[in-house]
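Trainee: I would like to learn how to read the sheet and the cores of a model. Please show me the structure and take me through it.

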Amino acid sequence: MTAAARVLGRLVERGETLAVAESLTGGLVAADLTSVPGASRSFRGSLTAYATALKGEILGVDGTLLAARGAVDPEVARQMAAGVRRALGADWGIATTGVAGPEPQDGQAVGTVYVAVAGPSGVEKVSALRLNGSRADIRKESVRSVLELLASELDGNVRAQDTEQTGGN
């Protein structure tokens, strides 16, 4: 089972929804999700904010932060995930931002990627990646990584709920 199918299945089980904000992946996360039959039961949609200005204008990323650090930054990724969650009215938001190459961007090396998740009850996580390979390899691994980050949060929340329900230790 693919990461996309696993995530969507868990979201359906929980009655929750997902929205995606993408930069370097340019719609690949959304394409991966929508390749799964029945994705519409939990996938709300996506915003590809490839231009730095759109991250602020559409996703609500702080303009001062973008001006100071550029688009390739962990806090930018976090704000993108929270912003798409809010903009598309989803329970969960995930985001990708980084440098796929061939040239460095905003002082960041090729392969520098940040993926983020924002969810219910204030859940916010960012993962920093240092990826190697071609532009296509970096983008593909970014898709896998953001879906795995969400899967780990969904799994963690399930375990926490199970512990609460059974009065765990």
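This is a predicted model: local features need pLDDT of at least 70, side-chain atom pairs count only at pLDDT 80 or more; totals for chains, interfaces and linings use all residues.

Mentor: Residues are numbered from 1 along each chain as its sequence is written, and side-chain values use heavy atoms, with hydrogens and water left out.

Trainee: What is the order of the strands in the open sheet?

Mentor: Strands of a sheet pair through backbone hydrogen bonds, either parallel or antiparallel. Helices (H or I, at least four residues) and strands (E, at least two) are DSSP runs, numbered from the N terminus, and two strands pair if DSSP finds at least two bridges between them. Here five strands run β2-β1-β3-β4-β5, with mixed pairing. β2 (43-48) and β5 (124-130) each have a single partner strand, so one side of each has no neighbour in the sheet.

Trainee: Which strands does helix α5 touch?

Mentor: Contact means heavy atoms within 4.5 Å. Helix α5 (residues 74-88) packs on the sheet and touches β1, β2, β3, β4 and β5.

Trainee: How many residues does the largest nonpolar core have?

Mentor: In soluble globular proteins, nonpolar side chains tend to be buried together. A nonpolar core is a set of buried Ala, Val, Leu, Ile, Met, Phe, Trp, Tyr and Cys residues joined through side-chain atoms within 4.5 Å; buried means under 20% relative accessible area, exposed over 50%, partly exposed in between (1.4 Å probe, protein chains only). The largest core has 31 residues, and L33 and L147 are among those with the most contacts inside it. Helix α6 gives the most to this core, with eight residues. L33 touches L147, and also, among others, L18 and F43, not counting residues up to four places away in sequence.

Trainee: Is S145 buried or exposed?

Mentor: S145 is in helix α6 (residues 135-166). S145 counts as buried because its relative accessibility is 10%. Leaving out residues up to four places away in sequence, S145 touches V115 and L129.

Conventions: Axes are lines fitted to C-alpha atoms, for helices over the stretch in contact, and angles run from 0 to 180 degrees between N-to-C directions.
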